Amino acid sequence: MASTHSPQATQNPSGLHVALDEHLPVDHRLNQVYRYGAGLMGLILLAFGILGLTHNLGFFDTGNDTVAGLNTNGALSVLSICVGLLLFVGMVIGGNFASTLNMVLGILFILSGFVNLGLLDTGANFLNFRIQNVLFSFVVGIMLMWFGMYGRVGSTLPHDNPYWKARHPDEAATEEQARVERMRARELPEAGRQG
């Protein structure tokens with residue numbers, strides 16, 4: 001599904017209208033990347049959070065309790081479940097929402113990795129992070145950003161990409177016109193043979 005926001009059209013210099021929320025068609029193949037990426041990362045975080053809660057850890061416990069090789073406590077488990085559920089919401093909605101959600105959460109995970117790296121071995125480490133948690137946070141952040149940016153940014157986006165078309169409306173209009181003219185040129189000889 002595409003974003004549920006009402007489309008806000010802007011006019012670019014070529015006079016074409018580009019709807020800000022509708023440049024990714026509902027059935028576009030990029031939508032699957034955003035959905036599957038959000039779902040996969042959400043599933044990993046949800047499983048980590050649920051496993052952490054099943055160990056009956058203290059909410060802000062800073063012991064050496066581990067789940068799947070990562071230190072955890074009740075607060076980190078609940079936070080992981082919440083973020084995992086948010087990613088599932090992104091998976092259900094799909095489209096630009098899922099892509100943007102993946103990118104934003106990816107940046108937040110990377111920032112969390114840096115912040116918690118600075119908090120290691122301090123009294124402010126209330127999420128019970130260790131170095132493996134920091135590395136995990138970086139990996140999840142990079143994966144989420146990759147899933148969110150896939151097909152949206154890059155210097156070699158194909159010209160049928162909706163994001164490329166939205167950024168290059170003049171070239172897209174020229175290519176579309178050329179495509180229509182080629183189709184008309186093919187139809188003329190066929191119509192002559194049938195007549």
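Me: Is L111 buried, partly exposed or exposed?
Reply: L111 is partly exposed, because its relative accessibility is 46%. Buried means under 20% relative accessible area, exposed means over 50%, and partly exposed is in between (1.4 Å probe, protein chains only).

Me: What kind of model is this?
Reply: It is a predicted model, where local features need pLDDT of at least 70 and side-chain atom pairs count only at pLDDT 80 or more, while totals for chains, interfaces and linings use all residues. Residues are numbered from 1 along each chain as its sequence is written, and side-chain values use heavy atoms, with hydrogens and water left out.

Me: Which helix holds L111?
Reply: Helix α3, residues 95-119. Helices here are DSSP runs (H or I, at least four residues), and strands are runs of E (at least two), numbered from the N terminus.

Me: New topic. Where is S80?
Reply: S80 sits in helix α2, residues 74-93.

Me: Why does S80 count as buried?
Reply: Because its relative accessible area is 7%.

Me: What does S80 touch?
Reply: Apart from neighbours within four places in sequence, S80 is in contact (heavy atoms within 4.5 Å) with L45, L46, F48 and G49.

Me: What about S77: buried or exposed?
Reply: S77 is buried, at 0% relative accessible area. S77 belongs to helix α2. Leaving out neighbours within four places in sequence, S77 is in contact with G49, G52, L53 and T72.

Me: How far is S77 from L57?
Reply: They are 20 residues apart in sequence and 9.3 Å apart in space, C-alpha to C-alpha.
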